[in-house]
Amino acid sequence: GVAGLFGWNWWTDRQDARAEVASELYSMALAQVSAGQDTRASALASELTEKGRGTPYAAMGWTLVADIAVRQQETERAIHALEQARTITRDRGYRQVLSLRLARHLVAAERLDEAETLLGEVTGDAFAGLRAEVRGDIARARGDAERAREFYLEARAAGNDTEFLRLKIDELSA
């Protein structure tokens, strides 16, 4: 019993220490992103993905890698990072958010079938508007303007009434 208690305490202390290190790395990476220091932020985010394993910070580190890749116009790197984040996150809602982000990048990379398949995993009602908007983006990329407009109107009806979405609808209505 004493050995079990000792083992449990050691393991929880180790997990707490790992989470503290990951938290500090995440804060430092965010500060570097805010300062526009992409190279340093990228290095910290990569370190976070390694040292934060087993914590939610690892997925957040991959998300930072994706954000930096987008700023540097490296779509494939962003896609890879978001795939990694989706794979390791345990939170269902966060996985759906990451799936939506990944689907948008797949559309930009003209990988429309993959994006459409990925949207099938986004089932939460809270994401209905965003899901419909990405479906509209896929239809538009395939040249189906009428179907895209239908999805955009569905997105707006579901509460996703952003200025950018209104511009998409207006463009297709003209």
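The model is predicted, so local features need a pLDDT of at least 70, side-chain atom pairs count only at pLDDT 80 or more, and totals for chains, interfaces and linings use all residues. Residues are numbered from 1 along each chain as its sequence is written, and side-chain values use heavy atoms, with hydrogens and water left out.

Let's begin with helix α4, residues 75-88. Helices here are DSSP runs of H or I with at least four residues, numbered from the N terminus. From its first C-alpha to its last, α4 reaches 20 Å with its 14 residues, close to the 20 Å expected at 1.5 Å a residue (the expected span is 1.5 Å times one less than the number of residues).

Which residues of α4 are buried? They are A78, I79, A81, L82, A85 and R86. Because these residues cover an arc of only 165 degrees around the axis, they lie on the same side of α4; the arc is that of the directions from the helix axis to the C-beta atoms. Buried means under 20% relative accessible area, exposed means over 50%, and partly exposed is in between, using a 1.4 Å probe and protein chains only. Among the elements covering the buried residues of α4 are α3 (56-71), α5 (92-108) and α6 (112-119).

Next, look at two of those covering helices. The axes of α5 and α6 are 8 Å apart, and the helices pack at an angle of about 165 degrees. (Axes are lines fitted to C-alpha atoms, for helices over the stretch in contact, and angles run from 0 to 180 degrees between N-to-C directions.) That makes α5 roughly antiparallel to α6, a label used for angles over 145 degrees. On the α5 side, the contact includes S99, L100 and L102, while L112, E114 and A115 are among the residues that α6 brings. Contact means heavy atoms within 4.5 Å.

Now find T89, in the loop between α4 and α5. Is T89 buried or exposed? T89 is buried, because its relative accessible area is 8%. Leaving aside neighbours within four places in sequence, T89 is in contact with A59, Y94, R95 and L98.

After α3 comes Q73, whose phi is positive, near 55 degrees.

How values were computed
Helices (H or I, at least four residues) and strands (E, at least two) are DSSP runs, numbered from the N terminus. Angles under 35 degrees count as roughly parallel, over 145 as roughly antiparallel, 65 to 115 as roughly perpendicular and the rest as oblique.
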